[in-house]
Amino acid sequence: MLFDYWGEFLGLAVIHFLAVVAPGPDFAVTIRQSVKFGRLAGICTAIGIGAGISIHVIYTLVGISALMHTTPWLMDVAKLVGAIYIIWLGIKFIRSKPTNLNALESEEIIQVSQSRWKAFLMGFMTNALNPKATLFFLAIFTTVVSSNTPTLIQAFYGLWMCVVNAIWFVLVSLMFSNALIRNKFMQKGYWFERVMGVVLIGFAIRLLFISV
């Protein structure tokens, strides 16, 4: 049955991949987590981002996306909530203080600094409340995906996007948690976090003014 929708799937997959690799809040948070807390935290954050996509898949499949598309104020509320969360993250990053490099040499200390669950949750919330992701799903499921496409096929599309997101950001976390790269970043880690904070706030402000 999937073969009958191969063209539609290919179009969706290409558009989604281009959207994933474009730098955004997910990218900034994954890099920050990997640089500051190490590989394990980065990977957990990446998996959380992939899982966060499921929220957008669920509300799309139950028809909430269509309701939001025809009810502008609901879209405005979704954008506002997501933007506030991303701005909060940005402020948190900007307030970052210099890190004790000697302490970070101990992988055990790094793991204590942030649990796997907390890292996962940060990734999950960043994507689930990302207005950019909401806008993307509203656009792609009302243009690329036909309304006649079976729910099972659409669910497969959603699962595919969850997996691709997770894999991409795991690769990003692996690169930025590399010992050599990470040590160079950690020398000025708090400045790096502050820059990431400004980037996140910039994304949030820009997304607030994107028309649906």
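1. The expected span of a helix is 1.5 Å times one less than its number of residues. Helices (H or I, at least four residues) and strands (E, at least two) are DSSP runs, numbered from the N terminus. This is a predicted model: local features need pLDDT of at least 70, side-chain atom pairs count only at pLDDT 80 or more, and totals for chains, interfaces and linings use all residues. Residues are numbered from 1 along each chain as its sequence is written, and side-chain values use heavy atoms, with hydrogens and water left out.

2. The buried residues of α1 are Glu8, Phe9, Leu12, Ala13, His16 and Val20 (buried means under 20% relative accessible area, exposed over 50%, partly exposed in between, with a 1.4 Å probe and protein chains only). Seen down the axis of α1, these buried residues fall within an arc of 125°, so they line one face of the helix; the arc is that of the directions from the helix axis to the C-beta atoms. Gly7 and Leu18 are exposed on the face of α1 turned away from its buried side.

3. The chain has twelve helices and zero strands. Buried residues make up 45% of its 212 residues.

4. Helix α3 (residues 39–61) has 23 residues and reaches 34 Å from its first C-alpha to its last, close to the expected 33 Å. Just after α3, Gly63 takes a positive phi of about 90°.

5. An unreviewed UniProt entry places the feature "transmembrane region" at residues 6–28, 40–67, 73–91, 119–145, 157–179 and 191–210. Such annotations may be inferred rather than shown by experiment. In the model, residues 6–28 are 87% helix and 0% strand, with end C-alpha atoms 33 Å apart. Residues 157–179 are 91% helix and 0% strand, and there the end C-alpha atoms are 36 Å apart.

6. The largest pocket has a volume of about 210 Å³. On a 1 Å grid over the protein atoms alone, a pocket is an open set of points where a 1.4 Å probe fits, with protein on both sides within 12 Å along at least five of seven lines; lining residues have an atom within 4 Å of a point. The volume is the space filled by probe spheres set on the points, which are joined across faces, edges and corners.

7. This pocket is lined by 17 residues, with Ala19, Val20, Asp26, Lys132 and Ala133 nearest its centre. Two or more lining residues come from each of α1 (6–21), α2 (25–37), α9 (131–143) and α10 (151–176). Helix α9 gives the most, with four residues.
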